[in-house]
Amino acid sequence: MPVEVTWWGHATCTIEDSGVRVLTDPLLVRRLAHLRRRRGALPSPDATRADAVLVSHLHSDHLHLPSLARLAPGTRLVVPRGAGDAVRGLRRVAGAAGLDVTEVTPGDVLRVGDVRVRAVTAAHDGRRMPFGPQLCPALGYVVSGEADTYFAGDTGLFDSMADEVGPVDVALLPVGGWGPYLGHGHLDAGRAAEALAALSPRAAVPVHYGTYWPIGMDAVRPHEFYAPGDEFVRKAALIAPKVSVHRLAHGERVRPEDGR
């Protein structure tokens, strides 16, 4: 299972497999509206080096236009179908940056070099907030090369998750959020552990926690910021003990097959 995963913070990860670099939901700034980065250095310039970028849904902490503008010309940008119509400025930014945009829906498959990328369902409200109709699906992705790696994006538990995702070697699962309360369509540490038990990969990395927090709310439910990664490790050990869980620091990378 020679795949390498780097967690840059929030939902931003680099998956390296078969000589291909795939970047997920790039958020590369210190501040986004009312959110500021409270933990971990900003991702290094190496984070923008990618053959393909996978965007799971339209929320601005996942489809972040200034971060996309930093990508190299020719980068393949994969977004939910309809994103170009739903997000004002996406086509302008992609055109100015020279990005190759592909819109997908669950079940679509595309190739990037020697890896295959398959879009899968996510149970999440993926519209552009705070306003706007539900024009696009929220997605997860399975990146398949020498290993099969599932990036869940933002999602809640749903009955057909394991069937839709299929057998995978590595799961990158959200275990928290950017505020003191998680709404519908999210996984907390406990629900992420349940998802892990259903998916039964060989290894997992918790993401989407412990990075951004609303300005002025440092003292409001701080355990929701600091604790989800450790809680996920503990709960996964109880209900999915055969899965190797790697709780990474910001900017840390791991080869899940050997734990390094």
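**View 1**

View 1. The term salt bridge covers a side-chain nitrogen of Lys or Arg within 4 Å of a carboxyl oxygen of Asp or Glu. Arginine 81 sits in the loop between strand 7 (76–80) and helix 2 (83–86), and aspartate 108 in the loop between strand 8 (100–104) and strand 9 (109–112), so the pair ties together parts that are 27 residues apart in sequence. Helices (H or I, at least four residues) and strands (E, at least two) are DSSP runs, numbered from the N terminus. This is a predicted model: local features need pLDDT of at least 70, side-chain atom pairs count only at pLDDT 80 or more, and totals for chains, interfaces and linings use all residues. Residues are numbered from 1 along each chain as its sequence is written, and side-chain values use heavy atoms, without hydrogens or water.

**View 2. Arginine 36 forms a salt bridge with aspartate 218.** The closest N and O atoms are 3.2 Å apart. Arginine 36 belongs to strand 5 (residues 35–37), while aspartate 218 lies in the loop between strand 15 (212–214) and helix 6 (223–226), so the pair ties together parts that are 182 residues apart in sequence. Arginine 36 is partly exposed, at 32%. Aspartate 218 is partly exposed too, at 30%.

**View 3. Arginine 21 belongs to a salt-bridge network.** The linked residues are Glu4, Glu16, Arg21, Asp46, Arg49, Arg253 and Arg255. Arginine 21 and glutamate 16 meet through their side chains, at 3.4 Å from N to O. Arginine 21 is buried, with a relative accessible area of 6%. Across the whole structure, the search finds 14 salt bridges.

**View 4. Aspartate 61 is buried in a loop.** The loop runs between strand 6 (52–54) and helix 1 (65–68). Relative accessibility of aspartate 61 is 7%. Its side chain makes a polar contact with the side chain of tryptophan 178, at 3.5 Å. A polar contact is a pair of N or O atoms within 3.5 Å; within protein, one must be able to donate a hydrogen and the other to accept it, and residues adjacent in sequence count only if both atoms are side-chain atoms. Leaving aside neighbours within four places in sequence, aspartate 61 is in contact (heavy atoms within 4.5 Å) with His10, Leu27, Leu32, Trp178 and His208.

Conventions:
Buried means under 20% relative accessible area, exposed over 50%, partly exposed in between (1.4 Å probe, protein chains only).
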